[in-house]
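The sequence and structure come first, and the description follows.

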Amino acid sequence: GLSEEMAAAMRALPPDAGPAEVDPRYGAAVVGAVPWVTNYNLLLTGQGVDQEELMSRCRRIARAVSARGGGLPAVETMALPHDRGIEVACNLLDMDTTPAAEVRARVEALAAEEGLRLDSDYYTNKQPEEVLAIAASAAPGAA
């Protein structure tokens, strides 16, 4: 069953949907959500630059782009080794605040200052619209 302490805590914060009182025979289900995080990577390369130096330059770029490093708001970054260079891997925490195009422009400019080249950029997770389309197509009665 549901402890009195848990039942009291649940009464203190009414649900968005469903009954206000929890039936102790069945308990409760809780669903939480967080804002969407877009994973966006940019692959940087450097002609005649060894891997260690390339990583060092890319870490500077990642730090300069990240909100923690004084860069773009709502952006988290890190530099990661890749077969063809170094990826600046980004978590875009709010695409309305800082869209991918703005991150790309900043990384490309900083890369040029470091003597590097932006080889490619890509998303590593599905975008919200893609997830909704998949869910809609899997729904009962979907065509």
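## Strands, core and pockets

Pro-81 has Ile-86 as its bridge partner in β3. This is a predicted model, in which local features need pLDDT of at least 70, side-chain atom pairs count only at pLDDT 80 or more, and totals for chains, interfaces and linings use all residues. Residues are numbered from 1 along each chain as its sequence is written, and side-chain values use heavy atoms, with hydrogens and water left out.

Helices (H or I, at least four residues) and strands (E, at least two) are DSSP runs, numbered from the N terminus. Two strands are said to pair if DSSP finds at least two bridges between them.

β2 and β3 run antiparallel and are joined by eight bridges. Two residues lie between these strands, which form a hairpin. Another partner of a β3 residue is Ala-79, bridged to Val-88.

β3 is largely enclosed by the rest of the structure, because seven of its eight residues are buried. Buried means under 20% relative accessible area, exposed over 50%, and partly exposed in between (1.4 Å probe, protein chains only).

The largest nonpolar core has 24 residues, among which Leu-44, Ile-61, Val-65 and Val-103 touch the most other members. At least two residues of this core come from each of β1 (38-45), α2 (51-65), β2 (75-82), β3 (85-92) and α3 (100-113). The largest share, six residues, is supplied by α2. A nonpolar core is a set of buried Ala, Val, Leu, Ile, Met, Phe, Trp, Tyr and Cys residues joined through side-chain atoms within 4.5 Å.

Contact means heavy atoms within 4.5 Å. Not counting residues up to four places away in sequence, Val-103 touches Tyr-40, Leu-42, Val-65, Leu-72, Val-75, Cys-90, Leu-92 and Thr-98.

| Largest pocket | About 450 Å³ | 19 residues | 13 nonpolar, three polar, three charged |

On a 1 Å grid over the protein atoms alone, a pocket is an open set of points where a 1.4 Å probe fits, with protein on both sides within 12 Å along at least five of seven lines; lining residues have an atom within 4 Å of a point. Grid points are joined across faces, edges and corners, and a volume is the space filled by probe spheres set on the points. Ala, Val, Leu, Ile, Met, Phe, Trp, Tyr, Cys and Pro count as nonpolar, Asp, Glu, Lys and Arg as charged, and the others, Gly among them, as polar.

In the largest pocket, the lining residues closest to the centre are Met-10, Pro-15, Ala-17, Ala-29 and Val-30.

Two loop residues remain. Met-95 sits in the loop between β3 and α3 and is partly exposed, at 27% relative accessible area. Leaving aside neighbours within four places in sequence, Met-95 is in contact with Thr-38, Ala-100, Tyr-123 and Gln-127. From Met-10, Met-95 is 85 residues away in sequence and 34 Å in space, C-alpha to C-alpha. Ala-74, in the loop between α2 and β2, has a phi near 65°, a positive value in a residue other than glycine.
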